[in-house]
Amino acid sequence: MYAQMITAEASDEDPKLLEEFQARIDRDEKIEPKDWMPMAYRKTLIRQIGQHAHSEVVGQLPEGNWITRAPTLERKAILLAKVQDEAGHGLYLYSAAETLGVSRDELVELLHEGKMKYSSIFNYPTLNWADIGAVGWLVDGAAIVNQVALQRTSYGPYSRAMIRICKEESFHARQGYHAIMQMAFGTPAQKAMAQDAVNRLWFPAIMMFGPSDSESVHSEQSMTWKIKVRSNDDLRQQFVDQTIPQIEYLGLDLPDPGIKWNEERGHYDYSDPDWTEFFNVIKGKGPCNVDRLNDRTNAWEDGAWVRDGLLAHGRKKAAARTAAE
Amino acid sequence: MSKEWPLWEVFIRGQHGLSHRHVGSLHAPDAEMAIKNARDVYTRRNEGVSIWVVEAQHIAASSPEEKGPLYEPSNSKVYRHPTFFDIPEEVGHM
């Protein structure tokens, strides 16, 4: 998802403390910043929340790409508001991570040094306006499935950030679907563009949930600690099931001949995405990895003088106020 | 000296008549920018009519380990709750 392939380590701390901690988790008590927690719980959360925050921020890039070229003033205003929301979501998540004893700047630097990741999905390009609609509808749609589940995560600040984000996120999915709807019901050329966007983005979207549970043995500890609440396959299935009626309404097709209602399971069957591609993207070999990281690093470095100047001004004013007292 | 902007805690009054409530935190170089940023981050959908910000380092907090001794007095004084006292029905609502 927005945080993929996060592995939790086992812990070798005081068994009694660990047992009490697990009992709190099992009672669905939220863990708050100053409470005792296993070091591995803290580290896993920092990585997961940090990666989630980075995804929100890097996710602004493929969409920001189309702000100046939106087809109407209204679509432009909507896209601006959405991209601004993503910046806010990044901030909520960085704030949640900071309660665990890491600073936002440290996390940003780890990202820029390539030591932290963001979601694989944002390494795919947005080639035309239809992609912007498809990203809102499918990518944010997939994110919502994950984030609704994470509202029940065991760490209080993370859970609260998720609740806040979910409240704002459904606007994102709906505006995307609305944009695609207009194209799907437009001219044949517009409909073809919408279909092309779905063809390219469908498999990357379902990859967001991460590899199949049978492959990711490491998620077990995260599930026990309720850092993760539902399994990758479970979340992916929900996303597939909810998307089929949406695509049918549009009169478009999914690029997967394996989609079929399975009466016995009560779910749609679907084909696996190409996991080799997923691992390549994660390793930095996706179509846009280099550009995304360059854009982030440049924004950070080009903005340094503004941050430094404002901080110097703030300190000068504070010093003047102290002197006057 | 750190080049990171200080951390501020943000409190918002949702509507007139309600108290300010903690909504989250943000980084800002000074109080004025903290309020502007809080406006942009925490009130994009009419969530507030008033904003307080305070630098996180100025907040003093109780520690979770003191939970027992800190709150014990309220557990042991059940007579503070009105339901402790049985009042005859005949006297009406009290």
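In the predicted model, the axes of helix α8 (residues 188–207) of chain A and helix α10 (residues 232–250) of chain A approach within 13 Å and cross at roughly 175 degrees. Axes are lines fitted to C-alpha atoms over the stretch in contact, with angles from 0 to 180 degrees between N-to-C directions; helices are DSSP runs (H or I, at least four residues) numbered from the N terminus. Because angles over 145 degrees count as roughly antiparallel, α8(A) is roughly antiparallel to α10(A). The contact (heavy atoms within 4.5 Å) involves Lys191(A), Val198(A), Trp202(A), Ala205(A) and Ile206(A) of α8(A), and Arg236(A), Phe239(A), Val240(A), Thr243(A), Ile247(A) and Leu250(A) of α10(A).

Within helix α10 of chain A, Asp233(A) and Arg236(A) lie 3 residues apart and are thus separated by about one helical turn. Their side chains form a salt bridge with an N to O distance of 2.9 Å, the term denoting a side-chain nitrogen of Lys or Arg within 4 Å of a carboxyl oxygen of Asp or Glu. Over all chains, 25 salt bridges are counted.

Between chain B and chain A, 8 salt bridges are found. One of them joins Glu168(A) to Arg45(B), with the closest N and O atoms 3.6 Å apart. At this interface, 26 residues of chain B are in contact with 24 residues of chain A. The buried area (accessible area, 1.4 Å probe, lost on putting two parts together and summed over both) is about 2,100 Å², with 49% from carbon and sulfur atoms. Glu4(B), Trp5(B) and Arg44(B) supply 27% of the area that chain B buries against chain A, more than any other three residues.

The model scores ipTM 0.86 and pTM 0.92. Residues are numbered from 1 along each chain as its sequence is written, and chains are lettered from A in the order in which they are written. Local features need pLDDT of at least 70 and side-chain atom pairs pLDDT 80 or more, whereas totals for chains, interfaces and linings use all residues; side-chain values use heavy atoms, without hydrogens and water.

Notes. Helix = DSSP H or I, 4+ residues; strand = E, 2+ residues; numbered from the N terminus. Parallel < 35°, antiparallel > 145°, perpendicular 65-115°, else oblique.
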